[in-house]
Amino acid sequence: MQINRHFLQLSENYLFSEVAKRTRTFQAQHPDLTVIKLSIGDVSLPLPAVVVQAMRRACSEMGHRQTFRGYGPEIGYPWLRRTIVDFYRTQYGVKLDDDEVIVSDGAKSDLSNLLDIFDTKVTVAMCDPVYPVYLDTNLMLGRQPQFFRATVANNFLPMPSAEITADIIYLCNPANPTGVYYNRAQLKQWVDFARAHGSVILYDAAYACFINDPSLPRSIYEIEGARECALEICSLSKMAGFTGVRCGYTVVPKNLVTTDGISLNRLWQRRQSTKFNGVSYIVQRGAETVFSAEGLAAVERNLAYYRRNVKLIRRTLDQLKWSYVGGKHSPYVWVRCPGMRNAWECFDFLLQETGIVCTPGIGFGTAGENYIRLTGFNSYANTRLACQRLLALAQKKH
Ligand code: MLT
């Protein structure tokens, strides 16, 4: 049996599976301890009521012959794509065509599957540290990415440079895992660079909902020239609590064409219609409601809740005098490991001493060797408890 031997290049487990495995082992050894997960970016608030009602109605429609629906359009129902186009116009001032928005079961799938439409020999560049899906999916294809490192020296915001020669450039803004963000001028430099080099930007906007400053870009299409070089990958997971529901979309502008005139939008639609049967009707009705006035108000309330958690984490880190970045316009805080520990040592230390689960920075790349990532996605009560435990730990160590 010939297997894809590139899989052997991967680490033994996917980062978040490894963290979950170690957490389960620890919890089994300490059954009475409240283990607090500030690790994977999974939401803790339930779906907005208005979304649940829409899905209930859709569910009921599916139970009646007159309103039952079988296969839907592979790229998403027209009413959902139109709703998203309206959202871009009213919220971002960005004009899209309905068929530039292609609905899917989430950003993780799209980020992986988009590689299908590019030549096997393309080169890719990504940040170090990075969301592990970008790296692992390329390693699976036998590619060795170029990395641009996010370090103290560049304020964790690497900019384009002559060393980057790749066909595909991954950008995540606000960034996972560092929680920092590019402003308009910085993003413009990336767009100009991509256009000058004929590169395509895969722009992961999964955390754009956390930006609450209108001077910052929430879509790459707010930047002039981006329609010619960027695909935007979006998710309802963090925005509307869809991590377990699964719905996202990717914007593929029709201006994005190869030098010989082939449209990436056409290729992506072709790929999706062959390999994907679309997101369920029920989920798409729920997603449609997210973009209604009532849905967006509920989304804002939930985001405010998570922002409050992150603020508390940052305040605690300030008290502890631990150095960190992120946590503004982002659910993630990127923390320098205290006490000269490396990332996994720090993970074990925090788990053993406080029952707090973090994500070890090394899991996002070598630049994360001495960092951990914390999230604001847990409940406020748990976040407060975690912060109290960190402060108590510091007291104990003195
Ligand atoms: C993360 O923790 O980085 C994300 O939740 C992972 C994901 O969205 O797949």
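Biologist: How do I read the way helix H1 and helix H11 cross, and at roughly what angle do they do it?

Modeller: Two packed helices are described by the angle between their axes and the distance between the axes. This is a predicted model, and in it the axes of H1 (residues 15–29) and H11 (residues 343–354) come within 11 Å and cross at roughly 30°. The crossing is right-handed.

Biologist: Which residues of H1 and H11 meet there?

Modeller: From H1 you have Glu 18, Val 19, Arg 22 and Phe 26, and they meet Trp 344, Phe 347, Asp 348, Leu 351 and Gln 352 of H11. Sort the residues of this contact and you get 5 nonpolar, 1 polar and 3 charged.

Biologist: What about H10 and H12: at roughly what angle do they cross?

Modeller: H10 (residues 293–320) and H12 (residues 380–397) cross at roughly 5°, and their axes come within 10 Å. H10 and H12 are therefore roughly parallel to each other. Among the H10 residues that meet H12 are Tyr 305, Arg 308, Leu 312 and Ile 313, while those of H12 include Tyr 380, Thr 383, Cys 387 and Leu 391.

Biologist: On to the backbone. Which residues does a cis peptide bond join, with omega about 10°?

Modeller: The general idea first: most residues other than glycine have a negative phi, and most peptide bonds are trans. In this model, a cis peptide bond with omega of about 10° joins Asp 128 and Pro 129. Pro 129 sits in the loop between strand S3 (124–128) and helix H5 (132–140). Asn 176 and Pro 177 are also joined by a cis peptide bond, with omega about 15°. You'll find Pro 177 in the loop between strand S5 (168–172) and helix H6 (184–197).

Biologist: And is phi of Phe 156 positive or negative?

Modeller: Positive: phi of Phe 156 is near 65°, in a residue other than glycine. Phe 156 is in the loop between strand S4 (146–149) and S5.

Biologist: Last stop, the ligand. Which residues are around the ligand?

Modeller: Phe 16, Ile 40, Gly 41, Tyr 131, Asn 176, Tyr 207, Lys 238, Tyr 332 and Arg 373. Asn 176 turns up again here: an N or O atom in the Asn 176 side chain is 2.9 Å from an oxygen atom of the ligand. For Tyr 131, the distance from a side-chain N or O atom to a ligand oxygen is 2.5 Å. A polar side-chain atom of Tyr 332 lies 3.4 Å from an oxygen atom of the ligand.

Definitions and conventions. Residues numbered from 1 in each chain as written. Predicted model: local features only at pLDDT ≥ 70, side-chain atom pairs only at ≥ 80, totals over all residues. Heavy atoms only, no water. Near = heavy atom within 4 Å. Polar contact = N/O pair within 3.5 Å; in protein donor to acceptor, adjacent residues only side chain to side chain. Axes fitted to C-alpha atoms, helices over the stretch in contact; angles between N-to-C directions. Helix = DSSP H or I, 4+ residues; strand = E, 2+ residues; numbered from the N terminus. Left-handed = near helix turned anticlockwise from the far one by under 90°. Contact = heavy atoms within 4.5 Å. Nonpolar A, V, L, I, M, F, W, Y, C, P; charged D, E, K, R; others polar. Parallel < 35°, antiparallel > 145°, perpendicular 65-115°, else oblique.
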